Amino acid sequence: MPLAPGLHFDVPVQLDSRPGPRPPAGALGSTATRPAARPVLSCEALHKIYRMGEVDVRALDGVDLVLHAGELLVLLGPSGSGKSTLLNILGGLDVPTSGHLRFEEHDLTDASDDELTQYRRRYVGFVFQFYNLIPSLTARENVALVTDIAVDPLEPEEALELVGLKDRMDHFPAQLSGGEQQRVAIARAVAKRPPLLLCDEPTGALDFRTGILVLDVIERINRELGTATAVITHNAPIAEIADRVITLGDGRIQSERASERRARPADLRW
Ligand code: ADP
Ligand code: MG
């Protein structure tokens, strides 16, 4: 398939160059002691404007952002602040009206639909508020849909073990709770060992206790696999699990702060 100059999707991602497993949150919790982080994904001056009749809705109004190797970033903001629009553009599901997007050495700014599809397939794991599992397939089969077409995937069984569902592999979605279905969706997202994990309100449909379990899985995957992870939420206490928190409002970045130490999901209250 022809690729635009500058896009080399046949270059494998250097998994070995990613940071190794990190100590548990709280053990060496200071971000200040970590080596300088390598940018994996970045955007500059992103604008997304929806024309609604006579009105322009500025969903994104000039966003600059970097996601570093191995970090857990939380994007916090109220409903309508542009979080999903931003995550969808970062993940190649949508394109900006203007601005630049870069993943590793690939400039995605003018990528074609085919190139964005390749980017998503190889490099991006998505988790959404609703789990989007196929009801007629078991947990294992839902994960295998992805691993069958991936380059160097985990076995579906390994991915499900990672999310604590090894003993539920042969269950159908309807036989699993909401939190368990979300964990299958996370297993499916990470089974291809993506360097990027993008989560849009992953606990949005879950009760508090179940939400904590899901965040715990996301936090552990970030820590153990070194997957650069962005988690969207409107729920401020969830931001405590992050290495860095970016707050969005009206399509703009309102604030950014690095955490002294990451909270364990189990210690969160909301
Ligand atoms: P969030 O995820 O923070 O709730 P969104 O990114 O979904 O915010 O939306 C940001 C703004 O863009 C909102 O005002 C929303 O109504 C608008 N918007 C999002 N998608 C569309 C669309 N497809 N068409 C028109 N307006 C949209
Ligand atoms: Mg949203």
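How do the axes of helix 3 (residues 139-147) and helix 5 cross, and within what distance do they come? They cross at roughly 25° and come within 8 Å; axes here are lines fitted to C-alpha atoms, for helices over the stretch in contact, with angles running from 0 to 180 degrees between N-to-C directions.

## Basis of the description

This is a predicted model, in which local features need pLDDT of at least 70, side-chain atom pairs count only at pLDDT 80 or more, and totals for chains, interfaces and linings use all residues. Residues are numbered from 1 along each chain as its sequence is written, while chains are lettered from A and ligands numbered from 1 in the order in which they are written.

Helices (H or I, at least four residues) and strands (E, at least two) are DSSP runs, numbered from the N terminus.

The axes of helix 3 and helix 5 cross at roughly 25°. Helix 3 is therefore roughly parallel to helix 5, a label for angles under 35 degrees; angles over 145 count as roughly antiparallel, 65 to 115 as roughly perpendicular and the rest as oblique. The crossing of helix 3 past helix 5 is right-handed, that is, the near helix is turned clockwise from the far one by less than a right angle, anticlockwise being left-handed. Ala139, Asn142, Val143 and Val146 of helix 3 meet Val184, Ala187 and Arg188 of helix 5, where contact is a distance within 7 Å between C-beta atoms placed from the backbone. This contact has five nonpolar residues, one polar and one charged. In this classification Ala, Val, Leu, Ile, Met, Phe, Trp, Tyr, Cys and Pro are nonpolar, Asp, Glu, Lys and Arg are charged, and the others, Gly among them, are polar.

Helix 5 (residues 178-190) also packs with helix 6 (residues 208-225), at an angle of about 20° and with the axes 9 Å apart. Helix 5 and helix 6 are therefore roughly parallel to each other, and helix 5 passes helix 6 in a right-handed crossing. On the helix 5 side the contact involves Gly178, Gly179, Gln182, Arg183, Ile186 and Val190, which meet Thr210, Leu213, Val214, Val217, Ile218, Ile221 and Leu225 of helix 6. Eight of the residues in this contact are nonpolar, four are polar and one is charged.

An open sheet of four strands has the order 2-1-4-5, with antiparallel pairing; two strands pair if DSSP finds at least two bridges between them. Strand 2 and strand 5 (106-107) are the edges, each pairing on one side only.

Strand 1 and strand 2 run antiparallel and are joined by 11 bridges. They form a hairpin with two residues between them, and glycine 53 in the turn has a positive phi of about 65°. Isoleucine 49 has arginine 58 of strand 2 as its bridge partner. Cysteine 43 is bridged to leucine 65 in strand 2 and stands opposite leucine 101 in strand 4. Five bridges link strand 1 with the antiparallel strand 4. Helix 1 lies across strand 1, strand 2 and strand 4 (98-103), at about 125° to strand 1.

Six strands make a second open sheet, in the order 6-7-8-3-9-10 and with mixed pairing. Its edge strands, strand 6 (124-127) and strand 10 (252-258), each pair on one side only, and the twist averages 15° from one strand to the next.

Strand 9 (residues 244-249) and strand 10 are antiparallel and share six bridges, with isoleucine 246 partnered by glutamate 256 in strand 10. Helix 1 packs on this sheet, touching strand 3 (72-76), strand 7 (196-200), strand 8 (228-233) and strand 9, and its direction makes about 155° with that of strand 8.

## Surroundings of ligand 1

The shell around ligand 1 is made up of Tyr50, Met52, Val57, Ala59, Gly77, Ser79, Gly80, Ser81, Gly82, Lys83, Ser84 and Thr85; a residue is near the ligand if its C-beta atom, placed from the backbone, lies within 6 Å of it. By class, four of these residues are nonpolar, seven polar and one charged.

Strand 1 (39-52), strand 2 (55-68) and helix 1 (83-90) each supply at least two residues of the shell. Helix 1 provides the largest share, three residues.

Key
Contact = placed C-beta atoms within 7 Å.
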